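Open the model in your viewer and keep the sequence panel beside it. This tour goes stop by stop, with something to select at each one.

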Amino acid sequence: MKLRFVLLLGLCGALGVACRGFASGAAEADVRSIVNTGHTGAVRGLEYDERRGLLFSSGDDGTVRIWDAAAGSLERKLQVTQLGAELLAVNPAVPQVAVVVTDGTGSYYLSVWDWEEERQLFRVPLKEEPLFLRFSAMGSFIEYAESSWQSLKILRAEDGSAVPFHPEGFGMVGFAEMSRSEKTIMTYQLSGRIDYWDLETGRQTLDLPSVPYLSRIRISRDRRYIVGSTGSELVLVDTVTGAVRSRTGLMGAISFDISPNGDEIASVSGAEGRLDRLSFSGDTLVPLPSLPQLTAMPSLLCYGVDALFIADSAGGLHSISPGGADSQFARNALARLDGIDAAPGLIAIGASDWIRVISTDLLDGAHSPSYIRSLLAQNPFHAPAGLAFLPTQQLLAWRADRAPPALALLGVAGLDKAEAQGSFQSLPTGFLAPLNALRVTADSFLGVESDGTVRMTEIATGVSRFDQRLPGVFAAVAGTPTELIAGRNSAAAPGGSLLRVNTRTRETVAIKDRNAFTYSLLLDESRGNGKPILYSVGIDASGATNLVRHSGPGFEQETLLGRVSEEDLDVSMALDPSTHVLYATLGHDGILAWDGTQMKEIAPQNTAPRRLVARGGMLFSLNRDSTVSVLDGETGARLAEISLFADGEWCALLKDGRYAASLGGDAHVRVFENGFPVQATEDYRLRVEQ
């Protein structure tokens, strides 16, 4: 337990002043800290909560972020999915947000969260991407529609249960809105009709002809008008009469909204993200002066009370004043992380421009480390890099993109400064083609090259000890000094997806396996009474993804540990060498942990793991949003979250609300006590002497 606590503090250390805990009385307070940064990737959903003055955004990074619209600062971040987060809706009555989640291949579900408690309440599978998503006026119901007959769906917001509502002749609904009393529902049907219905009886009370095939509909605050796109025009429709109030030519409108007082429409249109504002002059939409050009391409917009909010494709958010001035209040400040590894007392995290190593010691009986030492080195490749600590107290980095192979070493022993600079020294590679995978054995590198060649080279000289081309190979591990195990796509050659390869005779023998394509392997050499155990991830003939344990002579005994019915090519496995627990990100619902006898799911909230590393009973997760979570390996509880910024600075947030940061990273952290932001954030910052 001490080791975990000290390592945690090492990850969250600071820069050379006396240790300091909470401010007086803060130990009993509800304290949380957050990194104030925009989305990693494009913004896909944007909604303004007028009653609370909050702006909600969702994006490709799988997060929903909640912003103080007036201050332009982040209040909360919800990691709602390991996938992408798209449409969202905000409950006006209670702290509840609904978001559409997709894997990008046609699979969707609706995830509903309590955003104050930062926990998922329920989720509902969807047949397809909804045409719209809304909460009712009093927050009792969630409404959405699918592209089918009787397409309108109504759910109870408290538990997601379905409300039966299928009147006779009910067709494809493009939009729906309930009255403030929630007794009447208005629907716009794509056939070109506006209908009013009694929600309790399903009886139609009014039927109005209108404009057909409107999409991306928005409604005015007073519910009097809807605006939608025909693809070539923007059309404003009176919901009381069904008549067109105004229309104007606008090709490819992708996002638009009506101002709070109903006198203006703003839109984003075209592949170039053109911004327009139109005002009403009688029944005519008149162009207003053009909006300012943003730093990235606009993607979505919505009106606040006295500002127009615009999201861009780079994860940024902008506030446009009534006079047209642009103020960008959110941008992605995080570095794009690619590599991660951990060793006792050490963690290395890499981006394309630089790599940081953090080290700490263990003081017997102390509650804080005696030193925090951080080493920053330029990435020698200026490209994505894999990382691995060597027993020689060196960090190995290798080029992990499609470029020619390159290796480099960084010394990490004897760090004596709180913040130090280092440099990598290049190594002879011995590899001839770009690397799909690389592993370190006792004195060799085992690499899988992009042309299917499996090659072992000496660490010191780069001299090739063994090479053999195996068509379709994606992964390899060293089973014994004279045997390798390779995983491949069996469509490239007969013989199965798992092979044993004798490095002396070059003979290959197939291993019994259910998968047609094996792309990831791990070997536990010391479990099973001295007999190694092999773990594999692959895709079978049905398209399902399987996590498999192979044991016994020749690994012929196969045990299925986990399975998801869809293809998942992003599974990450990690084996803790001290506990022998296997971790895997199979599927999209958390992390699986196999201790040798049973499988359990540890699903930490607000974590979307992309790559896992396990050491000393702790689990390190490089996440979809480019943060690193430090988790308890037994429970999955979050102990810290590390953020590394594009300029090389860093910060770490602790479970108890405190944080640590480099001098430049400190500016990105906000601290809240009992729900309110504090001004003296330094009172919650961990500081230790060198």
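**Stop 1: a four-stranded sheet**

Select strands E42, E43, E44 and E45 in this predicted model. They line up in that order as an open sheet, with antiparallel pairing. Now look at the two edges. E42 covers residues 473-480 and E45 covers 508-510; each has a single partner strand, so one side of each is left without a neighbour in the sheet. From one strand to the next, the twist averages 25°.

What holds such neighbours together? Strands of a sheet pair through backbone hydrogen bonds, either parallel or antiparallel.

Next, select E44, residues 498-502. Three bridges connect E44 to E45, again in an antiparallel arrangement. Click Leu499 and then Ala510 in E45; these two are bridge partners.

Follow the chain from E44 into E45. The two strands form a hairpin, with five residues between them. Stop at Arg506 in the turn: its phi is positive, at about 65°.

**Stop 2: a buried aspartate**

Jump to Asp576. Its place is the loop between strand E50 (573-575) and strand E51 (582-584). Which side chain of opposite charge is nearest to Asp576? Arg615 is, at 6.3 Å. Asp576 is buried, yet has no salt bridge. A salt bridge would need a nitrogen-to-oxygen distance within 4 Å.

Show the backbone of Gly616 next. The side chain of Asp576 reaches the backbone nitrogen of Gly616 at 3.3 Å. Then display the surroundings. Leaving aside neighbours within four places in sequence, Asp576 is in contact with Val581, Tyr583, Ala614, Arg615, Gly616, Gly617 and Met618.

**Stop 3: salt bridges**

Zoom out to the whole structure. A search finds 30 salt bridges. Here are some to visit.

Select Glu47 and Arg218. Their side chains meet in a salt bridge, 2.8 Å from N to O. Glu47 lies in strand E2 (residues 43-49) and Arg218 in strand E17 (residues 215-219), so the pair ties together parts that are 171 residues apart in sequence. Is Glu47 buried or exposed? Glu47 counts as buried, at 18% relative accessibility, because the cut-off for buried is under 20%.

Move on to Arg224 and Asp238. This salt bridge spans 2.7 Å, N to O. Arg224 sits in the loop between E17 and strand E18 (225-229), while Asp238 belongs to strand E19 (residues 233-238), so the link joins parts 14 residues apart in sequence. Colour the pair by accessibility. Arg224 is partly exposed, with a relative accessible area of 33%. Asp238 is buried, at 9%.

Now try Glu458 with Arg465. In this salt bridge the closest N and O atoms are 3.7 Å apart. Glu458 is partly exposed, with a relative accessible area of 27%. Arg465 also counts as partly exposed, at 44%.

**Last stop: a network**

Select Lys77, Asp625, Arg638 and Glu641 together. Salt bridges that share partners join these four residues into one network.

Technical notes: Residues numbered from 1 in each chain as written. Predicted model: local features only at pLDDT ≥ 70, side-chain atom pairs only at ≥ 80, totals over all residues. Heavy atoms only, no water. Pairing = 2+ DSSP bridges. Axes fitted to C-alpha atoms, helices over the stretch in contact; angles between N-to-C directions. Buried < 20%, exposed > 50% of the residue type's maximum accessible area, 1.4 Å probe, protein only. Lys, Arg positive; Asp, Glu negative; His and termini not counted. Polar contact = N/O pair within 3.5 Å; in protein donor to acceptor, adjacent residues only side chain to side chain. Contact = heavy atoms within 4.5 Å.
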